[in-house]
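Please read this short briefing on a protein model alongside its sequence and structure.

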Amino acid sequence: MFTRIRNLREDADLTQNELSKSLNISQRAYSHYENGTRDIPTEILIAIADFYDVSIDYLLERSDNKRINK
């Protein structure tokens with residue numbers, strides 16, 4: 001999961017600081033999530049999925065399909 005959120009951020013050419021501001025969390029907290037030193041709270045996981053318009057299953061590496069089935 002941690003590789004996926006890092007890759008999505010890097011593919012979007014965002015810094016950790018820029019993304020953390022969009023998520024209304026500190027850069028330090030986001031860094032812990034991305035490095036896997038802390039579990040990502042459900043509400044932040046949802047916010048990341050919404051930000052990138054990907055499924056939570058994709059973020060959790062349960063699927064390689066980025067898009068939400070609608």
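Ser20 is buried (under 20% relative accessible area, with over 50% exposed and values in between partly exposed, for a 1.4 Å probe and protein chains only), because its relative accessible area is 1%. The model is predicted, so local features need pLDDT of at least 70 and side-chain atom pairs pLDDT 80 or more, while totals for chains, interfaces and linings use all residues. Residues are numbered from 1 along each chain as its sequence is written, and side-chain values use heavy atoms, with hydrogens and water left out.

**Ser20 and Tyr30**
- Ser20 lies in helix 2, residues 16-23; helices are DSSP runs of H or I with at least four residues, numbered from the N terminus.
- Not counting residues up to four places away in sequence, Ser20 touches Ile25, Ser26, Gln27 and Tyr30, where contact means heavy atoms within 4.5 Å.
- With the same exclusion of residues up to four places away in sequence, Tyr30 touches Ile5, Arg9, Gln16, Leu19, Ser20, Leu23, Ile25 and Ile48.

**Nonpolar core**
- A nonpolar core is a set of buried Ala, Val, Leu, Ile, Met, Phe, Trp, Tyr and Cys residues joined through side-chain atoms within 4.5 Å.
- The largest one has 17 residues, of which Tyr30, Ile48, Val54 and Leu59 touch the most other members.
- At least two residues of this core come from each of helix 1, helix 2, helix 3, helix 4 (42-52) and helix 5 (56-59).
- Helix 4 supplies the largest share, five residues.

**Helix 1 and helix 3**
- Helix 1 (residues 2-11) packs against helix 3 (residues 27-35) at an angle of about 125°, with axes 7 Å apart.
- Phe2, Ile5, Arg6 and Arg9 of helix 1 meet Tyr30, Tyr33, Glu34 and Asn35 of helix 3.

Conventions: Axes fitted to C-alpha atoms, helices over the stretch in contact; angles between N-to-C directions.
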